[in-house]
Amino acid sequence: MSDKQKHASAYWKQNIKYLAILLSIWFVVSYGCGILFREELNQFRLGGFKLGFWFAQQGSIYVFVILIFVYVRLMNKLDKKYGFDE
Amino acid sequence: MSVQTWTWILVGITFALYFGIAIWARAGSTKEFYVAGGDVSPLANGMATAADWMSAASFISMAGLISFMGYDGSVFLMGWTGGYVLLALLLAPYLRKFGKFTVPDFIGDRYYSNTARTVAVICALIVSFTYVAGQMRGVGIVFSQFLQVDINIGVIIGMTVVLIFAFLGGMKGITYTQVAQYCVLIFAFMVPAFFISMQMTGNIIPQIGMGGKVEGGAFLLDKLDTLHTQLGFNEYTSGTKSTWDVFAITLALMVGTAGLPHVIVRFFTVPKVKDARKSAGLALLFIAILYTTAPAIAVFSRTNLIETVSEQEYKEIPAWFKNWENTGLIAWSDKNGDGKIQYVAGNALSGKKPEYTEARGTNGERLISNASTAENELYVDRDIMVLANPEIANLPNWVIALVAAGGLAAALSTAAGLLLVISTSISHDLIKKQLKPNISEKGELLAARIAILVAIIIAGLFGIYPPGFVAAVVALAFGLAAASFFPAIILGIFDKRMNKEGAIAGMVVGISLMLFYMIRYKTGLWMTFDPRPASEWWFGTSPEGFGTIAMIVNVVISVVVSRLTPAPPKDVQELVENIRIPSGAGEASSH
């Protein structure tokens with residue numbers, strides 16, 4: 001296997017790892033906090049919001065935005081590390 | 001100045017702006033026509049994507065829907081934003097690296113088959129046409145409400161405007177017009193929200209005001225919950241849908257968003273893979289501004305509505321109420337004869353829309369012939385909440401007019417994006433790639449322009465003669481996209497072993513199953529039979545949520561079939577390895 005291919009497969013592995021972590025967070029804030037466990041979370045409050053309701057109508061959206069920008073940063077670094085940036 | 005004068009002025013200025021941009025950004029080549037030359041900056045692409053994405057439905061209907069659905073409305077909020085995470089992480093960078101013009105291009109090349117390409121073209125056409133019909137209707141409604149012209153003339157004006165900038169500029173013209181349209185629509189959406197939030201909670205930021213306190217010291221949401229309970233509605237923050245159905249609808253909308261061709265194609269317009277990721281992030285940021293404001297508007301307007309009308313004398317009611325009653329979006333029948341409006345849980349009508357008689361009642365209200373026996377006396381169409389909100393809150397006339405300009409921007413930008421996908425599917429995927437591969441650049445450009453002309457006329461006809469099923473089907477476009485494209489694209493990138501047999505089988509079964517369920521449980525089949533009742537839904541899944549199940553079926557079938565049939569050829573496996581690496585994306589090209 002050439003160096004380039006080794007690089008490519010290491011890069012891809014790391015990419016998949018990032019995806020797994022970020023998508024877990026994506027799932028937990030929306031489907032977890034906003035849907036499946038909202039009743040439990042609704043016992044807590046964030047100012048005038050019940051917490052589960054806040055996640056469903058506000059919080060999950062903020063987290064989505066942050067997740068993409070974190071991904072952009074991680075990938076830009078990863079591109080550099082393996083020399084795939086341009 | 002009157003609302004109408006203001007509206008003409010603001011609509012006139014914004015339209016002049018769109019025309020100016022259209023003339024400046026004329027497309028000279030197919031590359032400019034299909035992907036805006038491939039050199040749009042991530043920031044501009046982010047705004048254009050946001051405008052493309054936020055349709056008349058997001059702008060006009062969504063806050064209203066949420067204000068009637070309460071917690072259940074979260075499916076739209078999470079569903080229509082969470083899809084961008086999938087898009088940014090799983091699709092956009094790889095499709096940009098692949099670097100062609102369209103989604104069927106990817107499917108056709110990755111699955112080395114013109115059959116796969118044709119299936120993808122058909123799916124793209126079904127999804128885009130169901131979606132665009134609703135937009136044209138939206139344009140007509142805004143024109144008729146605010147400018148007092150006939151709804152059909154409104155549709156024709158809208159068609160002409162889209163035609164000019166899409167026909168001349170293709171993707172290039174559309175992209176830069178959409179940047180302007182994003183600015184118009186977000187400004188128009190936020191200004192009334194700031195005003196109302198300030199009025200009700202003393203905090204100018206609606207996202208914070210929503211969780212703030214109202215006069216008297218109670219939290220706004222608690223107050224609304226109490227009002228709801230008193231009037232016999234479900235608690236606003238609880239909702240009525242089953243947890244599973246909320247889950248399924250949210251997932252179908254998210255995955256559908258990531259599979260919509262007019263959204264995906266936007267990521268072909270930026271120069272590099274890096275830019276594709278970044279512009280997906282920016283697009284979601286721009287979308288999130290509206291999507292986190294909408295639930296706040298929903299809460300404000302719901303509270304305002306209940307307080308303004310509940311137990312009030314009809315004779316004392318503000319003018320906006322009677323205006324909307326005259327346009328047929330509000331109906332009241334004084335069932336207990338006390339001259340006051342009782343607004344409680346239950347359907348005020350038998351049937352879905354009010355049927356007005358020509359006569360007026362003793363209080364001056366429009367009489368209806370289909371009042372139900374339920375105690376509730378008031379019918380309010382959900383679509384009016386955003387449009388009527390500034391009037392309900394007594395905002396200045398220019399703010400009310402601004403909302404009209406914003407609604408038009410939202411509807412026109414989305415319609416233009418969809419029409420481009422339709423025309424590209426025909427001129428590029430069908431004519432260039434299949435029927436007449438040796439067509440000249442000039443010929444293809446001409447074909448694209450003719451296709452867009454025809455598509456606009458068809459879309460306009462849908463707007464003027466809306467088939468009854470259109471409204472119901474627009475929401476289902478997401479299910480169709482989820483059931484067809486999403487798995488084929490994701491598997492094409494992440495599963496090197498996926499072959500044409502698997503992908504084609506998956507797409508065909510997925511979209512057929514979704515169409516079947518839609519017709520059986522939602523739309524019926526024109527005359528022949530009525531949709532089956534909710535009690536017969538599979539696993540209690542609504543047709544809106546069924547895209548989730550159809551998608552899973554698609555994935556399972558694709559994987560099983562692909563493992564039973566030969567692996568894809570070597571060069572295709574190399575193609576997959578190549579798109580996984582960001583460097584060397586080059587420009588989007590046709591060969």
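Colleague: Leaving aside its neighbours within four places in sequence, which residues is L185(B) in contact with?

Modeller: Two residues are in contact if their C-beta atoms, placed from the backbone, lie within 7 Å. By that criterion L185(B) touches A51(B), M54(B), F59(B), G406(B), A409(B) and A410(B). Please note that this is a predicted model, in which local features need pLDDT of at least 70 and side-chain atom pairs count only at pLDDT 80 or more, while totals for chains, interfaces and linings use all residues. Residues are numbered from 1 along each chain as its sequence is written, with chains lettered from A and ligands numbered from 1 in the order in which they are written.

Colleague: How many residues has the largest nonpolar core, and which have the most contacts inside it?

Modeller: In soluble globular proteins, nonpolar side chains tend to be buried together. A nonpolar core is a set of buried Ala, Val, Leu, Ile, Met, Phe, Trp, Tyr and Cys residues joined through C-beta atoms within 7 Å. A residue is buried if 20 or more other C-beta atoms lie within 10 Å of its own, exposed if 12 or fewer, and partly exposed in between; C-beta atoms are placed from the backbone. Here the largest such core has 224 residues, and I68(A), L185(B) and L419(B) have the most contacts inside it. Helix α8 (residues 151-201) of chain B gives the largest share, 21 residues. At least three residues come from each of domain 1 (3-304 + 394-579) and domain 2 (330-380) of chain B, the bounds being from an automatic or database domain assignment.

Colleague: What separates the centres of the two domains of chain B?

Modeller: Taken over C-alpha atoms, the distance between those centres is 36 Å.

Colleague: Which elements of chain A give two or more residues to the side that touches chain B?

Modeller: Helices (H or I, at least four residues) and strands (E, at least two) are DSSP runs, numbered from the N terminus. The contact takes 36 residues from chain A and 40 residues from chain B. On the chain A side, the elements are α1 (3-36), β2 (49-50) and α3 (51-81), with the largest share, 16 residues, from α3(A).

Colleague: Why is chain A described as more spread out than a compact globule?

Modeller: Chain A has three helices and two strands. Its radius of gyration (over C-alpha atoms) is 18 Å, well over the 12 Å that the globule rule (2.2 Å times the number of residues to the power 0.38) gives for 86 residues, so chain A is more spread out than a compact globule. Its C-alpha trace spans about 55 × 20 × 15 Å along its principal axes.
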